[in-house]
Amino acid sequence: MNRNILFKWYDTPRGRILQQSETAFLKHSLTVGCKQTIVQVGVLGWEKEFIDCSLYQHFLVIDNTARDCQAAHRIQAEPDQLPVLSNSADMVILPHLLEFSDNQHQILREVERILKPEGKLIILNFNPWSFWVWHQYFWDQKKPDSLRGNFISRTKIVDWLKLLNFGVEIAAGFRTDVLSTGVSRSERNKHSVRVVAYAIKAIKRCYHIIPFTPVSVLRPRLAIVGAMESAVSRDCHSLNVAASGRSSRRTA
């Protein structure tokens with residue numbers, strides 16, 4: 001899939017509206033510390049609008065093209081083979097990458113691998129049920145500048161994330177007929193067919209197994225029937241003697 005059409009579309013009026021909405025969402029979602037590691041897979045070209053690279057010194061952009069990037073550090077590599085150590089990233093951003101890739105599941109597995117436990121994941125995708133996306137895909141697909149891609153619904157993405165032990169925290173939708181810069185308004189629009197693109201913020205869950213101390217197996221003790229009967233008879237004899245003693249004292 002040719003992802004270059006995405007950058008051409010951002011220069012259109014609708015694309016600029018979507019860019020502003022996604023910028024506001026990304027700014028609100030960057031909750032990790034400045035010294036933590038953020039990995040963005042896929043160049044956007046307007047990274048400085050939602051992140052200060054001089055402040056976030058450990059901000060890394062990985063892309064398989066030679067496109068210019070405003071990030072502080074950039075590595076040219078395939079998105080399904082990330083050159084990052086396992087459990088080393090605090091946040092991963094996938095901006096409109098999955099719909100232009102044929103290895104969507106492998107990309108998500110790589111993201112799960114490099115993320116630390118309780119690490120954050122942000123995904124930006126186009127909505128396949130949008131009227132505008134349908135128009136571009138079915139009516140304008142013969143044009144050289146049409147928007148083509150393996151579009152994935154928000155529900156399917158959430159199901160995939162659950163299989164990888166991700167918990168979804170925020171799901172938002174962006175329209176191009178109005179500017180939705182507020183995150184709360186974007187969350188209310190997430191189910192609308194007018195939503196052109198959506199965003200998902202998830203967290204990598206890590207479930208720890210609590211070890212229990214093994215219980216030692218107790219050997220069963222054998223009970224002798226005769227001994228039990230003699231012990232019971234002795235107890236009964238003692239009770240009878242005590243009762244007779246009390247009755248004699250009362251008589252006296």
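Buried means under 20% relative accessible area, exposed means over 50%, and partly exposed is in between, with a 1.4 Å probe and protein chains only. With that in hand, here are some notes for a first look.

This is a predicted model, in which local features need pLDDT of at least 70, side-chain atom pairs count only at pLDDT 80 or more, and totals for chains, interfaces and linings use all residues. Residues are numbered from 1 along each chain as its sequence is written, and side-chain values use heavy atoms, with hydrogens and water left out.

1. Gln40 belongs to strand S1; helices (H or I, at least four residues) and strands (E, at least two) are DSSP runs, numbered from the N terminus. Leaving aside residues up to four places away in sequence, Gln40 touches Glu47, Phe50, Phe59, Leu60, Val61, Ile62, Ile93 and Pro95, where contact means heavy atoms within 4.5 Å. The Gln40 side chain also comes to 2.8 Å from the backbone oxygen of Gly42. That is a polar contact, meaning a pair of N or O atoms within 3.5 Å; within protein, one must be able to donate a hydrogen and the other to accept it, and residues adjacent in sequence count only if both atoms are side-chain atoms.

2. Next comes the partner of S1. Strand S1 (residues 38–41) runs parallel to S4, and three bridges join them; strands pair if DSSP finds at least two bridges between them. Within this pairing, Ile38 has Met91 of S4 as its bridge partner. Strand S4 (residues 89–95) is largely enclosed by the rest of the structure, because seven of its seven residues are buried.

3. Now follow the chain onward from S4. Six bridges pair S4 with strand S5 (residues 115–126) in the parallel sense, and Ala89 has Leu115 of S5 as its bridge partner. Together, S4, helix H3 (residues 104–114) and S5 form a right-handed β-α-β unit. Right-handed here means that, with the strands pointing away from the viewer, the path from the first strand over the helix to the second runs clockwise.

4. The loop between S4 and H3 holds Asp102. Is Asp102 buried or exposed? Asp102 counts as exposed, because its relative accessibility is 60%. From C-alpha to C-alpha, Asp102 and Asp80 are 9.8 Å apart in space and 22 residues apart in sequence.

5. Strand S7 (residues 197–204) deserves a look too: eight of its eight residues are buried, so S7 is largely enclosed by the rest of the structure. Ala197, Ala199, Lys201 and Ile203 point one way from S7, while Tyr198, Ile200, Ala202 and Lys204 point the other way. S7 pairs with S5 in the antiparallel sense over seven bridges, and Lys120 stands opposite Ile203. Eight bridges join S7 to strand S6 (residues 166–174), also antiparallel, with Gly173 opposite Tyr198.

6. After H5 comes Asn165, with a positive phi near 65°.
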